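These notebook entries record what I looked up in the structure.

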Amino acid sequence: MEYRKLPHGEEQISVIGLGGGSLPEDIDKAAEIVSAAIDSGINFFDLAPSYQPPFYAFAKAFAGRRDKVVTQMHFGAVYGNGKYGWTQDLQKIKEQIAWNFETIGTDYTDFGYLHCIDTHEDLDKALAPGGVWEYMKALRAEGKIRHLGFSSHEPGIARRLLDTGLVDLFMFSINPA
């Protein structure tokens, strides 16, 4: 496996990662897939699946080897009804992240991602005093987030966040469909 080092930090991240979006609902089968990925040298895992069961699969596969994986949690992805949704409601985000930590069996994530910020209004709300960005920076200060990141589909939004100088990684999704 080929790895790359972050510009800030010492982590070596596999050039191939695995997200939970297409893992099967069967927790044991999904855990086998995640375990096989780890055994093959993949160490980067995006914990924003399209429904809740993969969280349990990640927990099962990560057990006893949390130090071998790099996780990415999305602040704004929520699973209140068991299926993926997103919000800017800080209280719901806090509840979801606490659930993520408890379910995965960890007290930190390597990357805290500001999730799916595609409008300047959403970004302004996230960056406002008392908003999710301030919460994420506080968690980083506590060691519960090691690096800050974000995801977006809009170049202007990406530039604004990159210009903060606080971002270590970002996901710019391109959907050719």
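**Entry 1. Burial of H2**

I first listed the buried residues of H2, namely Pro53, Pro54, Phe55, Ala57, Phe58, Ala59, Ala61 and Phe62. Buried here means under 20% relative accessible area, exposed means over 50%, and partly exposed lies in between, with a 1.4 Å probe and protein chains only. Helices (H or I, at least four residues) and strands (E, at least two) are DSSP runs, numbered from the N terminus. I note that the model is predicted: local features need pLDDT of at least 70, side-chain atom pairs count only at pLDDT 80 or more, and totals for chains, interfaces and linings use all residues. Residues are numbered from 1 along each chain as its sequence is written, and side-chain values use heavy atoms, with hydrogens and water left out.

Because eight of the ten residues of H2 are buried, this helix is largely enclosed by the rest of the structure. I then asked what covers the buried residues of H2. The cover includes strand S3 (17-19), H1, strand S4 (44-46), strand S5 (70-75) and H3. Just after H2, I recorded a positive phi of about 80 degrees at glycine 64.

**Entry 2. H1 against H2**

Two packed helices are described by the angle between their axes and the distance between the axes. I found that the axes of helix H1 (residues 27-39) and helix H2 (residues 53-62) come within 8 Å and cross at roughly 50 degrees. H1 is therefore oblique to H2. The axes are lines fitted to C-alpha atoms, for helices over the stretch in contact, and angles run from 0 to 180 degrees between N-to-C directions. Angles under 35 degrees count as roughly parallel, over 145 as roughly antiparallel, 65 to 115 as roughly perpendicular and the rest as oblique.

The crossing of H1 past H2 is right-handed. A crossing is right-handed if the near helix is turned clockwise from the far one by less than a right angle, and left-handed if anticlockwise.

For the contact (heavy atoms within 4.5 Å), I listed Ile27, Asp28, Ala30, Ala31, Val34, Ser35 and Ile38 on the H1 side, which meet Pro53, Tyr56, Ala57, Phe58, Lys60, Ala61 and Phe62 of H2. By class, the contact of H1 with H2 comprises eleven nonpolar, one polar and two charged residues. Ala, Val, Leu, Ile, Met, Phe, Trp, Tyr, Cys and Pro count as nonpolar, Asp, Glu, Lys and Arg as charged, and the others, Gly among them, as polar.

**Entry 3. H2 against H3**

The axes of H2 and helix H3 (residues 90-104) come within 8 Å and cross at roughly 40 degrees. This makes H2 oblique to H3. I noted that Phe55, Tyr56, Phe58, Ala59 and Phe62 in H2 meet Trp99, Asn100, Thr103 and Ile104 in H3. The contact of H2 with H3 holds seven nonpolar, two polar and no charged residues.

**Entry 4. H4 against H6**

I next examined helix H4 (residues 120-127) and helix H6 (residues 155-162), which pack at an angle of about 20 degrees with their axes 10 Å apart. H4 is therefore roughly parallel to H6. Their crossing is right-handed. His120, Leu123, Asp124 and Leu127 of H4 meet Gly156, Ile157, Arg160 and Leu161 of H6. The contact of H4 with H6 divides into four nonpolar, two polar and two charged residues.

Within H6 I selected leucine 161. Leucine 161 counts as buried because its relative accessible area is 0%. Not counting residues up to four places away in sequence, leucine 161 touches Leu114, Leu123, Leu127, Phe150 and Val167.

**Entry 5. The loop between S8 and H4**

Histidine 115 lies in the loop between S8 and H4. Is histidine 115 buried or exposed? Histidine 115 is buried, because its relative accessibility is 10%. I found a polar contact of 2.7 Å between the side chains of histidine 115 and tyrosine 84. A polar contact is a pair of N or O atoms within 3.5 Å; within protein, one must be able to donate a hydrogen and the other to accept it, and residues adjacent in sequence count only if both atoms are side-chain atoms. Not counting residues up to four places away in sequence, histidine 115 touches residues including His74, Trp86 and Ser151.

Cysteine 116 is found in the loop between strand S8 (109-114) and H4. Cysteine 116 has a phi near 50 degrees, a positive value in a residue other than glycine.

**Entry 6. Serine 152**

Serine 152 belongs to strand S9 (residues 145-152). The side chains of serine 152 and aspartate 118 are joined by a polar contact of 3.3 Å.
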